Amino acid sequence: MQWAIHWLHTVPLWEAAGLFLLQNILVFLLAVALGEWLMRRFAHRRVAPPALALQQHELVLAAVCVLLNSAVTFAGLLLWREGWIRFRLDGGPRVLVDLAVLVGIMDLGMYALHRVAHSRWLYGWLHAAHHRYEFARPLTLFVLNPLEVLGFGMLWLTVCVAYEASWIAMMLYLVFNTLWGVLGHLGVEPFPDGWVRWPVTRAVATTTFHARHHLDLAHHYGFYTLVWDRLFGTLAPDYEASFARSPTQPYTKV
């Protein structure tokens, strides 16, 4: 790890910028490929209508998202070099504590930003671009208004400045964040039927949870958990009954 720290301290900024761009392109390609595979694997458990034909506008927004994610990564490097962002090198059980803290803080922060983005004075010009594609596909994860990409990026950098986590926990969080974003935009449900009945997992967001949000803008603003939606009354009353059901299927009690 020491060699990586030395490299980050000394690498020319133009070289770091190019590497971060390649890194984010790779993340984008892997995320979309994983999502497309999961869509085929669980095609029999569709929870939203199939996405319409791919449009050029989607590809443009996705490309801008990748560029801005690279810029956020680059900004993180600058903040670290200036001492604003710090991370620990230790491992062990504390990594799991750090990961839980990062997920919890980001879940609350993104719930708040997401709900604000749905306010009537912001939705039309800020968040509507994402919901223009109500029948989501894995690519939809990256189809966002550029200001939203920067907003979520600024939230992440603020958390990194405020909380000194281990570098392992930070990397695990970024992987987890991408994976959960992909799962939310599959349109098919890979989680088992018992997911909403088990004590712990029933608080974890699913594909059904986010697919329902794309079809019902008044509910489900959380990202990783249902905690804040339950607390603030934005969880659809029939969420558990409609779990893993398509909009055309009758909902039954689970």
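F232 sits in helix 9, which spans residues 227–232; helices here are DSSP runs of H or I with at least four residues, strands are E runs of at least two, and both are numbered from the N terminus. With a relative accessibility of 42%, F232 counts as partly exposed, a class that lies between buried (under 20% relative accessible area) and exposed (over 50%), using a 1.4 Å probe and protein chains only. Leaving aside residues up to four places away in sequence, F232 touches Y111 and R115, where contact means heavy atoms within 4.5 Å.

Please keep in mind that this is a predicted model, in which local features need pLDDT of at least 70 and side-chain atom pairs count only at pLDDT 80 or more, while totals for chains, interfaces and linings use all residues. Residues are numbered from 1 along each chain as its sequence is written, and side-chain values use heavy atoms, with hydrogens and water left out.

**Aromatic pairs**

- The count comes to 14 aromatic pairs, with rings of Phe, Tyr and Trp (its six-membered ring) pairing if their centres lie within 6.5 Å; planes under 30 degrees apart are stacked, over 60 edge-to-face, and the rest tilted.
- One of them joins F28 and F142 edge-to-face, with 4.9 Å from centre to centre and 75° between the planes.
- This pair links distant parts of the chain, 114 residues apart: F28 belongs to helix 2, and F142 to the loop between helix 5 (123–131) and helix 6 (146–162).
- F28 counts as buried because its relative accessibility is 17%, and F142 counts as buried at 7%.
- Y239 and F243 have ring centres 6.5 Å apart and planes at 80°, so this pair is edge-to-face.
- Both Y239 and F243 are buried.
- Ring pairs also build a cluster out of W156, Y173, F176, W180, F191, W195, W198 and Y224.

**A charge over a ring**

- R41 lies over the face of F42, 4.8 Å from the ring centre; the rule asks for NZ of Lys or CZ of Arg within 6 Å of the ring centre and within 35 degrees of the ring normal.

**Salt bridges**

- Side chains of opposite charge can pair when their charged atoms come close.
- Searching the whole structure gives nine salt bridges, each being a side-chain nitrogen of Lys or Arg within 4 Å of a carboxyl oxygen of Asp or Glu.
- R88 pairs with D98, and their closest N and O atoms are 2.5 Å apart.
- The two partners come from distant parts of the chain, 10 residues apart, with R88 in the loop between helix 3 (56–81) and helix 4 (94–117) and D98 in helix 4.
- R88 is buried, with a relative accessible area of 11%, and D98 is buried, with 0%.
- A network of salt bridges links R88, D90 and D98.
- R202 and E240 meet through their side chains in a salt bridge, at 2.5 Å from N to O.
- That bridge, too, links distant parts of the chain: R202 is in the loop between helix 7 (167–184) and helix 8 (207–215), and E240 is in the segment after helix 9, 38 residues apart.
- R202 counts as partly exposed at 30% relative accessibility, and E240 counts as partly exposed at 22%.
- R212 bridges to D216, with the closest N and O atoms 3.7 Å apart, and both residues are buried.

- L22 belongs to helix 2, residues 13–41, and is classed as exposed because its relative accessibility is 57%.

**Positive phi angles**

- H220 is not a glycine, yet its phi is positive, at about 65°.
- H220 lies in the loop between helix 8 and helix 9 and is buried, with a relative accessible area of 0%.
- A244, also not a glycine, has a positive phi of about 60°.
- A244 is placed in the segment after helix 9 and is buried, with a relative accessible area of 11%.
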